[in-house]
Amino acid sequence: MIILGLILLIIGLLVGMGLLTTIGGILILVGVILWVLGATGHAVGGRKHFF
């Protein structure tokens, strides 16, 4: 999710589309939150590990 967000963010910045940049930023934020929760041992989506 973080990689997809980064790709959309870069494409949005290069093309100049604000919507892609916004979606990319949101995906990066959600991916980082899920990664941190998974790393601390909290169950994410019913799973103990987030891969």
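Good morning. The protein chain contains 2 helices and 0 strands; here helices (H or I, at least four residues) and strands (E, at least two) are DSSP runs, numbered from the N terminus. The model is predicted, so local features need pLDDT of at least 70 and side-chain atom pairs count only at pLDDT 80 or more, while totals for chains, interfaces and linings use all residues. Residues are numbered from 1 along each chain as its sequence is written, and side-chain values use heavy atoms, with hydrogens and water left out.

Let me begin with helix H2. Helix H2 covers residues 18-39, which is 22 residues. From its first C-alpha to its last, H2 reaches 31 Å, close to the 32 Å expected at 1.5 Å a residue; the expected span is 1.5 Å times one less than the number of residues.

Which residues of H2 are buried? They are Gly24, Leu27, Gly31, Leu34 and Gly38, where buried means under 20% relative accessible area, exposed over 50%, and partly exposed in between, with a 1.4 Å probe and protein chains only. Seen down the axis of H2, these buried residues fall within an arc of 100 degrees, so they line one face of the helix; the arc is that of the directions from the helix axis to the C-beta atoms. In general, an α-helix has 3.6 residues a turn, so residues three or four places apart point the same way.

What do the buried residues of H2 pack against? They pack against helix H1, residues 2-15. Contact here means heavy atoms within 4.5 Å. Among the residues that meet are Leu4, Leu8 and Gly12 in H1, and Leu20, Gly24 and Leu27 in H2.

Next, the geometry of the pair. H1 and H2 pack at an angle of about 160 degrees, with their axes 7 Å apart. Axes are lines fitted to C-alpha atoms, for helices over the stretch in contact, and angles run from 0 to 180 degrees between N-to-C directions. H1 and H2 are therefore roughly antiparallel to each other; angles under 35 degrees count as roughly parallel, over 145 as roughly antiparallel, 65 to 115 as roughly perpendicular and the rest as oblique.

At 21% relative accessibility, threonine 21 counts as partly exposed. Leaving aside neighbours within four places in sequence, threonine 21 is in contact with Leu8, Leu9, Gly12 and Leu13. Thank you.
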